[in-house]
Amino acid sequence: MARLRHEITAVSGKARAGRLHTRRGVVDTPAFMPVGTQGTVKGLLPEEVSGLGAQMILGNTYHLMLRPGVVTVDKLGGLHRFMNWPGPILTDSGGFQVFSLSGLRSLDEEGASFRSHLDGQLLRMTPESVVRAQELLGSDLMMVLDECPPPGSQRDYLAASLERDARWAARALAARGDKGGALLGIVQGGVYSDLRARSVELLAELDLDGYALGGLSVGEPKPRMMEVIEGTTPQLPEGKPVYLMGVGEPADLVRCVGLGVDMFDCVLPTRMARNGTLLTSRGRLNLRNSRFKDDPAPVEEGCQCPTCRHYSRAYLRHLIMAKELLAYRLNTVHNLHYILQLMAGLRRAIAENRYDSYARQVLAGLESPGQ
Ligand SMILES: CNc1nc2c(CCNCC3CCCC3)c3nc(N)[nH]c(=O)c3cc2[nH]1
Ligand SMILES: [Zn+2]
């Protein structure tokens with residue numbers, strides 16, 4: 001059967017709602033994928049993550065290659081068994097992490113050489129080796145090895161890089177075995193619409209299962225990012241899911257759904273939770289602020305998450321100031337609940353063909369004066 005099938009069930013403007021049929025179950029789109037970098041969504045049990053409504057999570061080949069090693073994970077039954085997540089898992093190829101985490105050593109036609117950020121050992125990534133690694137993990141949606149060029153890269157560097165990415169994507173497809181999951185290509189081209197179009201043209205020639213927009217949310221001006229997304233999504237092949245990598249904040253999720261994006265991942269909700277920043281429909285709330293010291297109210301009135309049902313802002317502030325482990329869990333539960341409910345609201349609005357009014361209402365709330 002097909003490794004991946006995207007069924008669009010409703011359209012509202014350029015926003016679309018659908019169901020992504022993966023080999024390990026169906027995912028409602030637009031979908032937010034909590035990040036589980038090292039085989040765990042930090043601090044939460046898998047049943048808590050699925051209980052909050054997450055249907056697909058993200059893993060990272062780079063981190064799992066370094067520790068515990070993909071052969072080890074394979075011997076233990078693969079990543080789903082290893083981390084007790086029976087649902088679909090998308091794994092990033094690690095290209096991005098090599099640039100952001102390790103002291104990159106070299107990049108050439110063959111692949112990338114780098115030093116582990118853990119113990120400095122010299123490692124090599126090629127389009128073929130990262131597909132093999134993701135197959136050993138048992139990934140349901142694999143990403144091709146790509147280069148996410150540093151922000152501000154010169155135009156001619158970007159033009160050459162995206163050509164190489166397309167050659168790498170062809171090599172990744174050729175390397176995938178029968179057991180392999182779906183394979184998604186990654187559109188690059190920086191902030192140049194003609195380069196983005198060229199990247200799409202090259203990748204559309206390949207029999208990829210879906211398309212990611214890479215090279216964004218790396219420090220470029222937000223309006224520029226939106227322009228690039230707006231210009232690129234209409235050019236992508238029909239019937240294939242669109243995944244915007246590394247996005248994003250609530251307002252960005254709302255806007256990018258309106259531009260035809262189906263899948264998102266971002267470390268923000270879980271990372272902010274761990275430093276006491278909570279997401280609400282009226283913007284961010286920084287628990288460390290002394291004004292919450294004896295505030296008996298929940299993070300957000302009306303929020304039905306376990307955190308808001310039982311705990312006050314004062315208690316959550318106490319926990320974060322005391323660096324209590326429970327703080328990370330309760331804050332992550334709330335932030336993930338908030339994001340996943342936001343996505344559910346967007347799916348409903350699209351199904352009822354009222355995306356625009358729902359988006360305007362949500363964005364007005366987010367931009368209103370804080371708590
Ligand atoms: C935050 N912004 C951003 N992230 C990008 C990412 C990473 C997406 N998130 C991966 C998870 C995070 C930890 C575990 C895996 C990108 N990844 C790739 N391969 N290519 C990009 O151009 C690429 C571009 C990105 N931009
Ligand atoms: Zn809550």
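**View 1. Arginine 155 lies over the face of tyrosine 192.** Welcome to the first close-up of this predicted model. Look for the ring of tyrosine 192, then find arginine 155 at 5.2 Å from the ring centre.

**View 2. Tyrosine 62 and phenylalanine 114 form a tilted aromatic pair.** Searching the whole structure turns up two aromatic pairs, and here is one of them. How do we describe a pair of aromatic rings? We use the distance of the centres and the angle of the planes. For tyrosine 62 and phenylalanine 114, the values are 5.6 Å centre to centre and 45° between the planes. Tyrosine 62 belongs to helix 2 (residues 61-66) and phenylalanine 114 to strand 8 (residues 112-115), so their pairing ties together parts that are 52 residues apart in sequence. Are these two residues buried or exposed? Tyrosine 62 has a relative accessible area of 0%, so it counts as buried. Phenylalanine 114 is buried as well, because its relative accessibility is 0%.

**View 3. Tyrosine 311 and tyrosine 315 form a stacked aromatic pair.** Their ring centres are 5.4 Å apart, and the angle between the planes is 20°. That angle is under 30 degrees, so the pair counts as stacked. Tyrosine 311 is partly exposed, with a relative accessible area of 28%. Tyrosine 315 is also partly exposed, and its relative accessible area is 32%.

**View 4. Leucine 278 is a buried residue of strand 15.** Strand 15 covers residues 277-280, and leucine 278 within this strand has 0% relative accessibility. Which residues does leucine 278 touch, leaving aside its neighbours within four places in sequence? Its contacts are Gly283, Arg284, Leu285, Leu287, Val299, Leu316, Asn331, His334 and Asn335. Take a moment to find asparagine 331: it is 53 residues from leucine 278 in sequence, yet the two are 6.8 Å apart in space, C-alpha to C-alpha.

**View 5. The largest pocket has a volume of about 750 Å³.** Its lining is made up of 32 residues, and those closest to the centre of the pocket are Phe96, Gln97, Asp265, Val267 and Arg271. Which element gives the most to this lining? That is helix 5, with four residues. Strand 5 (57-60), helix 5 (95-101) and helix 11 (268-274) each provide at least two lining residues. If you sort the lining residues by type, you will find twelve nonpolar, 14 polar and six charged.

Key:
Residues numbered from 1 in each chain as written. Chains lettered and ligands numbered in written order. Predicted model: local features only at pLDDT ≥ 70, side-chain atom pairs only at ≥ 80, totals over all residues. Heavy atoms only, no water. 1 Å grid on protein atoms, 1.4 Å probe; cavity = no way out; pocket = protein on both sides within 12 Å on 5 of 7 lines; lining within 4 Å. Points joined across faces, edges and corners; volume = space filled by probe spheres on them. Nonpolar A, V, L, I, M, F, W, Y, C, P; charged D, E, K, R; others polar. Phe/Tyr/Trp six-rings, centres within 6.5 Å; stacked < 30°, edge-to-face > 60°. Buried < 20%, exposed > 50% of the residue type's maximum accessible area, 1.4 Å probe, protein only. Lys NZ or Arg CZ within 6 Å of the ring centre and 35° of its normal. Contact = heavy atoms within 4.5 Å.
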